[in-house]
Amino acid sequence: MDILRFLKFFKVGWRIYRDPLLESSHSSIYYWREQMKAMALFTTTEERLLPYRSTWHTLVHIQIVIFFASMAFGLTESIGDHVQMGRDLAFILGAFFIMFKTSYFCWYGDELDQVISDLDALHPWAQKGPNPVEYQTGKRWYFVMAFFLATLWSFFLCIFLLLLITSPMWVHQQNLPFHAAFPFQWHEKSLHPISHALIYLFQSYFAVYCLTWLLCIEGLSVCIYAEITFGIEVLCLELRHIHRHNYGPKELRMETNRLVKLHQKIVEILDRTNDVFHGTLIMQMGVNFSLVSLSVLEAVEARKDPKVVAQFAVLMLLALGHLSMWSYCGDLLSQKSLQISEAAYDAYDPTKGSKDVYRDLCVIITRGQKPLIMRANPFPSFNLINYSAILNQCYGILTFLLKTLD
């Protein structure tokens with residue numbers, strides 16, 4: 001793992017945060033991709049051509065299968081203990097989510113890389129030259145937001161991993177970071193101390209590697225949609241300040257035509273992004289809803305034990321927090337896209353332009369009536385309205401369980 005390459009995002013982000021006049025030469029998604037490349041797990045055709053990279057990718061998949069299978073086998077030992085079964089199921093769902101994502105992006109790695117390259121090439125979206133629109137504030141906000149998001153996630157991930165890896169030292173019933181079972185009872189410390197130590201080291205290393213990679217791919221995914229949102233904001237700025245250059249009829253026609261193409265490019269990239277993340281968005285919604293339902297079920301069943309209730313309440317809050325972050329990003333994307341038609345209407349000036357200019361503005365207004373959405377068919381779009389519906393559904397499950405158990 002290339003540590004310096006991995007830490008470059010944090011170094012650049014800190015410098016930009018400290019100096020308001022400093023601008024990054026790349027968008028945040030470029031640095032998220034660099035982090036995944038530094039971990040040797042950015043699965044594109046180009047990356048697989050590097051020495052030993054394809055072998056490492058295969059080895060990672062084998063390790064994930066072993067990790068998941070051992071945890072699933074360990075679930076059989078928890079039958080009868082509902083609390084332990086709940087914990088095992090929660091970790092199994094998380095392991096399955098990681099296994100699915102690594103396999104999924106082996107197939108869609110090239111498409112993901114192309115989306116990132118296209119977005120980074122268009123960044124910062126504004127037309128270069130004299131008297132550009134004031135896009136620097138928005139560019140800085142989105143980059144610093146990504147930097148703080150990465151820093152905050154990394155901080156809590158370090159705390160979580162530290163507690164997880166050291167849990168066998170202070171939890172009496174636990175002898176491994178993850179409850180797992182292996183053939184011939186290799187996981188039993190009293191029977192096979194050497195194999196137990198190797199399994200302990202394997203689980204510790206693999207948890208750090210996989211969860212760090214998951215943080216990177218989640219950050220990359222969120223920031224891709226944030227970058228598209230930033231492109232929409234710049235398009236609105238360009239439309240509202242289209243007359244700042246005092247263009248003649250011919251130049252104004254060329255400018256409106258450029259903005260029509262920019263709008264079309266944003267729509268095209270969003271469609272490709274939704275296609276790339278289609279499977280992961282569905283899995284994400286399914287896993288989060290399963291974790292919330294599992295947490296509610298376990299918390300209700302063990303409602304007389306405050307310690308168990310607190311554990312599953314934290315798990316529920318984490319799952320809802322993850323889903324709320326995606327819902328907020330999708331909602332922000334949709335709300336900003338609806339401002340495009342308003343900006344195009346503001347660009348209309350009956351004293352300037354020609355019929356072709358007015359036709360271009362009408363095209364943008366017509367397209368802007370339909371909000372751009374983050375969606376994975378057949379599921380509904382990710383926004384705060386649908387997120388509220390999920391919360392109501394979870395509350396309904398909780399109420400039903402309470403009435404049933406009482």
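1. Reading from the N terminus, the elements run α-α-α-α-α-α-α-α-α-α-α-α-α. That comes to 13 helices and zero strands, where helices (H or I, at least four residues) and strands (E, at least two) are DSSP runs numbered from the N terminus. The model is a predicted one, so local features need pLDDT of at least 70 and side-chain atom pairs count only at pLDDT 80 or more, while totals for chains, interfaces and linings use all residues. Residues are numbered from 1 along each chain as its sequence is written, and side-chain values use heavy atoms, with hydrogens and water left out.

2. Now the overall dimensions. Taken along the principal axes, the C-alpha atoms fill a box of roughly 85 × 55 × 40 Å. The chain has 406 residues, and 48% of them count as buried. Buried here means under 20% relative accessible area, exposed means over 50%, and partly exposed is in between (1.4 Å probe, protein chains only).

3. On to the record. An unreviewed UniProt entry carries the annotation "transmembrane region" for residues 56-76, 88-107, 141-165, 197-215, 276-297 and 309-328. Its positions are given in the numbering used here, feature names are shortened, and annotations may be inferred rather than shown by experiment. How does the model look over two of these stretches? Residues 56-76 are 95% helix and 0% strand, with the end C-alpha atoms 31 Å apart. Residues 276-297 are also 95% helix and 0% strand, and there the end C-alpha atoms are 33 Å apart.

4. Helix 9 is worth a look. This helix (residues 278-301) has 24 residues and reaches 35 Å from its first C-alpha to its last, close to the 34 Å expected at 1.5 Å a residue; the expected span is 1.5 Å times one less than the number of residues. Helix 9 is mostly covered, with 17 of its 24 residues buried.

5. Next, the aromatic rings. The structure holds 30 aromatic pairs. Rings of Phe, Tyr and Trp (its six-membered ring) pair if their centres lie within 6.5 Å; planes under 30 degrees apart count as stacked, over 60 as edge-to-face and the rest as tilted. Take F67 and F202: their ring centres are 6.3 Å apart and their planes are at 65 degrees, so this pair is edge-to-face. F67 lies in helix 4 (residues 53-75) and F202 in helix 7 (residues 193-240), so the pair ties together parts that are 135 residues apart in sequence. Both F67 and F202 are buried. Another edge-to-face pair is Y104 with F105, at 5.4 Å centre to centre and 90 degrees between the planes. Y104 and F105 are buried too.

6. W56, F67, F91, F178, F202, Y205, F206 and Y209 are linked by ring pairs into a cluster.

7. What about charges? A search of the whole structure finds 14 salt bridges, each a side-chain nitrogen of Lys or Arg within 4 Å of a carboxyl oxygen of Asp or Glu. One of them joins E34 and R5, whose closest N and O atoms are 2.8 Å apart. This pair links distant parts of the chain, with E34 in helix 2 (residues 28-38) and R5 in helix 1 (residues 3-18), 29 residues apart. E34 counts as buried at 12% relative accessibility, whereas R5 is partly exposed at 29%.

8. R53 and E47 meet at 2.8 Å, N to O, and both are buried. D356 and R359 meet at 2.6 Å, N to O. These two are three residues apart in helix 12 (residues 355-368), which means that about one helical turn separates D356 from R359. D356 is partly exposed, at 33% relative accessible area, and R359 is partly exposed at 48%. Elsewhere, salt bridges that share partners join D118, K265, E268 and R272 into one network.

9. Which residues make the nonpolar surface patch of about 800 Å²? They are L152, F155, F156, I159, L163, M169 and W170. Patches are made of residues with over 30% relative accessible area and no salt bridge; like charges are joined within 9 Å, and nonpolar side chains (Val, Leu, Ile, Met, Phe, Trp, Tyr) within 5 Å. Accessible areas come from the Shrake-Rupley method with a 1.4 Å probe, and for residues only the protein chains shown count as cover. I159 sits in helix 6 (residues 136-170) and is partly exposed, with a relative accessible area of 36%.

10. Finally, a serine. S103 is found in helix 5 (residues 82-122) and counts as partly exposed at 31% relative accessibility. The C-alpha atoms of S103 and S295 are separated by 27 Å, with the two residues 192 apart along the chain.
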